[in-house]
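This report is for a reader who is meeting the structure below for the first time.

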Amino acid sequence: MTAAPPSLGARILARAAELARHSDMEGGLTCAFLTPAHARAQADLAAWMEDAGMTVRIDAIGNVIGRYAADPDEAAAQVLMTGSHFDTVRDGGRYDGRLGILLPIAVVGALRDAGIRLPYHLDVVAFAEEEGLRFKTSFLASSVLADRFDAALLDRVDADGVTMAAALAGAGFPGAGKPDALRAAAVDPATLAGFVEVHIEQGPVLLHRGLPLGIVTQIAGSSRFQVRIEGLASHAGTTPMDMRRDAAAGAAEMILLVEQRCGQVPSLVGTVGQLQVPNGSSNVIPAACTFSMDIRAGEDGIREAAIADIVAGIERIATRRGLTASVERVTPVNNAPCARWLMDQFGAVLRKRGMEVFELPSGAGHDAMMMQRITDVAMLFVRCGNGGISHNPLETITEEDAQQAAEVFVDFLRHFRPKPVEQ
Ligand code: HGY
Ligand code: MN
Ligand code: MN
């Protein structure tokens with residue numbers, strides 16, 4: 001097969017549309033970990049992997065893992081792993097994560113149709129959870145493969161009070177949620193030649209440069225928090241303004257502090273994406289207020305310095321207002337550098353095709369950053385349309401860019417060579 005068949009781009013977009021039918025909501029795409037929609041999407045992905053000629057298994061956290069086995073003559077074949085997540089944010093886009101599953105499935109189908117085997121096993125992983133939507137802690141699925149899953153998280157509850165353990169127990173796949181099965185699902189790093197992830201850029205850089213593809217240099221570390229502020233409920237009409245312990249007003253001042261502190265450094269960003277007044281009433285001064293914090297930076301030191309300042313500022317504001325504040329860090333994930341030797345193998349393919357080799361950092365987090373704990377990683381970004389918007393139903397890619405990415409991925413796989421062993 002000299003080049004990938006011209007239909008791969010169309011097939012990828014059609015499958016993304018099909019998968020988007022499985023949603024927890026009307027009129028948009030929400031596919032949270034272990035919901036009925038998630039189970040239907042999981043079943044589709046397993047079937048499509050099988051159709052493409054892979055042997056398929058589902059592990060104890062719900063990852064769907066398809067293996068396109070090496071040429072039988074390759075006795076000690078290593079494993080090159082690729083993939084991304086199929087859970088989504090609330091009312092999200094249909095390509096975030098899913099492009100990095102559907103593209104390799106389409107490519108493997110094309111290799112199988114052309115009778116081409118690779119000199120290594122190719123494992124395509126549909127990671128079951130990355131966004132952290134249901135249980136407020138992310139990268140669950142890749143942390144299992146990287147043998148970094150914290151079993152205490154099985155006790156976390158969702159908005160309906162369902163624990164992760166109960167949700168897994170009801171999922172029905174083998175060993176679901178059993179601590180020993182989760183540990184057994186970890187990958188042996190010695191078997192891995194590397195991990196590569198194709199992902200929509202989720203930003204405007206490739207779009208503004210007029211490029212379809214880019215190679216990622218590093219993935220920004222992120223820290224997420226759940227903050228709870230407690231004050232005193234009292235009558236909205238009779239309590240003078242200087243005698244209040246208003247948890248929501250305190251939270252508002254803290255949220256502006258996040259915005260102000262994270263505006264101080266170019267690569268630093270801070271977001272409060274969730275904000276609640278639990279059991280609030282319009283005529284009662286809020287006794288409690290909860291909010292999330294997501295702090296990221298291009299360097300771990302910049303991120304940690306900002307976190308220290310923000311947590312100290314939250315304490316100061318709480319003390320001045322007679323409030324109490326609890327700040328729970330849920331997922332610290334450090335910066336993950338991509339491996340130059342792997343990046344350059346993507347670069348060589350782009351160069352050979354006469355395409356610009358453009359390298360850029362990722363502000364978004366990805367499964368690759370967890371996999372980087374156990375093996376070398378690289379990422380191929382695909383141009384994001386509609387001004388680069390993502391985590392939004394307007395997220396889009398073109399069929400032509402999907403086709404180009406698939407053709408580059410075919411060439412990358414066919415010329416991939418494991419990292420030379422350091423002498
Ligand atoms: O939040 C992120 O960066 C990723 O989309 N989970
Ligand atoms: Mn995402
Ligand atoms: Mn993603």
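## Domains and their interface

Domain 1 and domain 2 bury about 800 Å² between them, and 31% of that area is on carbon and sulfur atoms. Buried area here is the accessible area (1.4 Å probe) that two parts lose on being put together, summed over both. Of the area that domain 1 buries against domain 2, 51% is supplied by Lys 136, Ala 220 and Asn 335, more than by any other three residues.

The model is predicted: local features need pLDDT of at least 70, side-chain atom pairs count only at pLDDT 80 or more, and totals for chains, interfaces and linings use all residues. Residues are numbered from 1 along each chain as its sequence is written, chains are lettered from A and ligands numbered from 1 in the order in which they are written, and side-chain values use heavy atoms, with hydrogens and water left out.

Domain 1 covers 8-220 + 335-415, and domain 2 covers 221-329. These bounds come from an automatic or database domain assignment. The C-alpha centres of the two domains lie 34 Å apart. In contact across the interface are 13 residues of domain 1 and twelve residues of domain 2, where contact means heavy atoms within 4.5 Å.

The rule for a salt bridge asks for a side-chain nitrogen of Lys or Arg within 4 Å of a carboxyl oxygen of Asp or Glu. It finds one salt bridge across the interface of domain 1 and domain 2. Glu 328 forms a salt bridge with Arg 156, with 3.4 Å between the closest N and O atoms.

Donors are N, O and S atoms within 2.8 Å of the metal (3.2 Å for Na, K and Ca); water is not among the atoms, so sites may look incomplete. The table lists the donors of each ion.

| Ion | Donors | Distances | Spacing along the chain |
|---|---|---|---|
| manganese ion (ligand 2) | Asp 96 (OD), Glu 131 (OE), His 391 (NE2) | 2.0 to 2.2 Å | D-x34-E-x259-H |
| manganese ion (ligand 3) | His 85 (NE2), Asp 96 (OD), His 199 (NE2) | 2.1 to 2.3 Å | H-x10-D-x102-H |

His 85 lies in strand β3 and Asp 96 in the loop between β3 and α3, so the pair ties together parts that are eleven residues apart in sequence. Helices (H or I, at least four residues) and strands (E, at least two) are DSSP runs, numbered from the N terminus.

Asp 96 counts as buried because its relative accessibility is 4%. Glu 131 is buried as well, at 8%, and His 85 is buried with a relative accessible area of 0%.

## Cysteines

A disulfide is a pair of cysteine sulfur atoms within 2.5 Å, and by this rule the count comes to zero. Cys 262 is in no disulfide, and the nearest cysteine sulfur, that of Cys 289, is 18 Å away. Cys 262 is buried at 7% relative accessible area, and Cys 289 is buried at 2%.

Leu 206 lies in helix α7 (residues 205-209) and counts as buried, at 0% relative accessibility. Leu 206 and Phe 358 are 152 residues apart in sequence, but their C-alpha atoms are 8.7 Å apart in space. Not counting residues up to four places away in sequence, Leu 206 touches several residues, including Phe 358, Phe 381 and Val 382.

Most residues other than glycine have a negative phi. Asp 91 has a positive phi of about 55° although it is not a glycine. Asp 91 is in the loop between β3 and α3 and is partly exposed, at 28% relative accessibility. Asn 279, also a residue other than glycine, has a positive phi near 50°. Asn 279 is found in the loop between β9 (275-276) and β10 (288-297) and counts as exposed, at 80% relative accessibility.

Note on methods. Buried < 20%, exposed > 50% of the residue type's maximum accessible area, 1.4 Å probe, protein only.
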